[in-house]
Amino acid sequence: MTLATLAWDCRCELGEGALWSAGDQSLYSVDIKGCEILAFTPESGLQRRWKMPQLVGWVLPRRTGGWLAGFASGVAALELRPDGYSSLDWQHRLHAPDSPMRLNDATCDGAGRLWFGSMNNLQESLPQGRLYRLRPGAAPEEVDAGYGVTNGPAISPDGTRLYHTDSPQRTVYVFDLSPDGQLANKRVWLQFAPHEGYPDGMTCDAQGNVWIAHWGGACATQHDSSGQMLRRVMVPASQVTNVAFGGAELRDLYLTTARTGLDQAALAATPAAGGLFVVAG
C-alpha cells in the first residue's frame with residue numbers, strides 16, 4: 001500500500017479534471033464549485049489559478065493551441081493568459097442558463113474525439129446524465145444516457161475500449177470502441193461495494209490498467225483489464241476525485257480531491273482535503 005503526499009494545498013471545493021500538459025510540464029485541474037482552473041508546475045513550484053464565469057468540469061488542450069473547457073452551459077474555447085486572466089469563445093451551448101444540468105468530466109481519444117458527460121447539478125441521483133462524443137469540426141452527439149453522475153471517461157491505450165462511470169450506482173461500465181468512434185457492447189465492468197466509496201475519475205496507464213479515484217474511500221486503485229485490483233494508493237483526504245500521470249517521464253501519479261460537504265470535524269481530521277496530491281514514480 002502506498003501513501004500519496006501533498007503537492008499543493010490548493011483547498012478546492014471540488015477538485016477534478018486532472019491533466020498533465022507536456023507543453024509547460026504542468027498539472028492542470030479544475031475546481032468545479034470554485035469556478036476555477038488551476039495549474040501546478042512541479043519543477044518550479046509555480047501555482048496558477050484562473051477564475052471562470054461558470055461551474056467548470058474539465059479543460060483539455062487543443063491541437064491548434066489554447067484549450068477547450070466544459071462548463072455548466074456547454075463547451076467553450078479558452079485562452080489562459082500568464083497574467084491570470086482568460087477569455088472564452090462558446091463553441092457548443094448544450095444547456096440553458098437556468099438549467100440544473102452541467103458538464104462533468106471528459107477525455108480525448110487518439111483520433112482527437114472528445115468524450116464528456118453531463119449531470120443534474122442539483123439532484124445528482126436523477127438519471128438525467130448523458131455521454132457525448134464531439135468529433136473535430138462537428139457538433140456534440142449524445143451516445144448514451146441514463147446516468148446520475150457521469151464520471152471517468154477513460155480510453156484504453158490501444159483505443160479499443162472506453163470506460164465510463166455512473167458514480168451514484170457505484171458502477172463502472174466498459175464499451176467496445178471502434179476506429180471510427182462508434183460505441184458497442186456496453187457492459188458492467190466493475191461494481192464498488194459500499195465500504196469502497198464511489199468510483200469517480202479514471203485514467204489508463206501504458207499497460208492498459210485502469211486507475212480509479214474513490215470518492216469517500218480515501219484512495220485510488222489500479223485494476224487490470226478484467227477489473228482485478230492490483231494496487232491501492234491511500235490519500236489523506238476522503239473524497240478523491242481524479243487521477244492523472246505526469247512528470248517528465250509520466251511516472252508520477254497526481255490525485256485531485258474535494259472538501260465540499262465535509263463538516264468541521266472531518267476537515268480537522270483531514271485538513272489538506274481539496275488539495276492536489278502526488279505519488280512519485
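Strands β4 and β5, the latter spanning residues 36–41, pair in the antiparallel sense over five bridges, where strands are DSSP runs of E with at least two residues, numbered from the N terminus, and two strands pair if DSSP finds at least two bridges between them. Within this pairing, Ser 29 has Leu 38 of β5 as its bridge partner. The two strands form a hairpin with four residues between them, and in that turn Cys 35 has a positive phi of about 55 degrees. The model is a predicted one, in which local features need pLDDT of at least 70 and side-chain atom pairs count only at pLDDT 80 or more, while totals for chains, interfaces and linings use all residues. Residues are numbered from 1 along each chain as its sequence is written, and side-chain values use heavy atoms, with hydrogens and water left out.

β4 also pairs in the antiparallel sense with β3 (residues 15–21), again over five bridges, and here Gly 15 stands opposite Asp 31 of β4. This pair, too, forms a hairpin with four residues between the strands, and Gln 25 in its turn has a positive phi of about 50 degrees.

How covered is β4 itself? Of the six residues in this strand (26–31), six are buried, meaning that they have under 20% relative accessible area with a 1.4 Å probe and protein chains only. In a regular strand the side chains alternate between the two faces of the sheet. In β4, Ser 26, Tyr 28 and Val 30 point one way, whereas Leu 27, Ser 29 and Asp 31 point the other way.

The largest pocket holds about 1,300 Å³ of space; a pocket is an open set of points on a 1 Å grid over the protein atoms alone, where a 1.4 Å probe fits, with protein on both sides within 12 Å along at least five of seven lines, and lining residues have an atom within 4 Å of a point. Its volume is the space filled by probe spheres set on the points, which are joined across faces, edges and corners. The lining of the largest pocket comprises 47 residues, and Leu 19, Leu 60, Thr 107, Cys 108 and Asp 109 lie nearest the centre. Among the strands that each supply at least two lining residues are β3, β7 (56–61) and β11 (101–108).

The second largest pocket has a volume of about 330 Å³ and is lined by 18 residues, with Glu 124, Val 149, Asn 151, Asp 200 and Trp 215 nearest its centre. β19 gives the most to this lining, with three residues.

Notes:
Buried < 20%, exposed > 50% of the residue type's maximum accessible area, 1.4 Å probe, protein only.
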